[in-house]
Amino acid sequence: MKIDIDQDKCVGAGQCVLVAPEVFDQRDEDGVAVLLTEDPPAQKRGGVEEAARICPAAAIRVDGR
């Protein structure tokens, strides 16, 4: 799975961190989402897809491999 965060679109809502804290975090200075791992294990896919689905800015894209 490939995950991409458009940091220019991110509004810092933090929903991704709440849903998948082992994959996403936020920068302290502005709250913009960052990836903790670019290739999380397959068992994390559900949380990653939910994070992309609920992102209020639609800043997260998930591409299956």
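Close-up 1. The model shown here is predicted, so local features need pLDDT of at least 70 and side-chain atom pairs count only at pLDDT 80 or more, while totals for chains, interfaces and linings use all residues. Residues are numbered from 1 along each chain as its sequence is written, and side-chain values use heavy atoms, with hydrogens and water left out. R27 meets the side chain of E29 in a salt bridge, at 3.7 Å from N to O (a side-chain nitrogen of Lys or Arg within 4 Å of a carboxyl oxygen of Asp or Glu). E29 is exposed, its relative accessible area being 64%. D30 joins in as well: a network of salt bridges links R27, E29 and D30.

Close-up 2. Strands are DSSP runs of E with at least two residues, helices are runs of H or I with at least four, and both are numbered from the N terminus. R61 is exposed at 54% relative accessible area, whereas D4 is partly exposed at 28%.

Close-up 3. Take a look at E49 and R45, whose closest N and O atoms are 2.7 Å apart in a salt bridge. Both sit in helix 2 (residues 45-54), four residues apart, which puts about one helical turn between them. E49 is partly exposed, with 31% relative accessibility, and R45 is also partly exposed, at 27%. Across the whole structure, the search finds four salt bridges.

Close-up 4. One cavity of 30 Å³ or more turns up in a search of the whole structure. On a 1 Å grid over the protein atoms alone, a cavity is a set of points where a 1.4 Å probe fits but cannot get out, and lining residues have an atom within 4 Å of a point. The largest cavity has a volume of about 90 Å³, counted as the space filled by probe spheres set on the points, which are joined across faces, edges and corners. Its lining comprises 15 residues, with C10, G14, C16, A33 and C55 nearest the centre.

Conventions. Buried means under 20% relative accessible area, exposed over 50%, partly exposed in between (1.4 Å probe, protein chains only). On a 1 Å grid over the protein atoms alone, a cavity is a set of points where a 1.4 Å probe fits but cannot get out, and a pocket is an open set with protein on both sides within 12 Å along at least five of seven lines; lining residues have an atom within 4 Å of a point.
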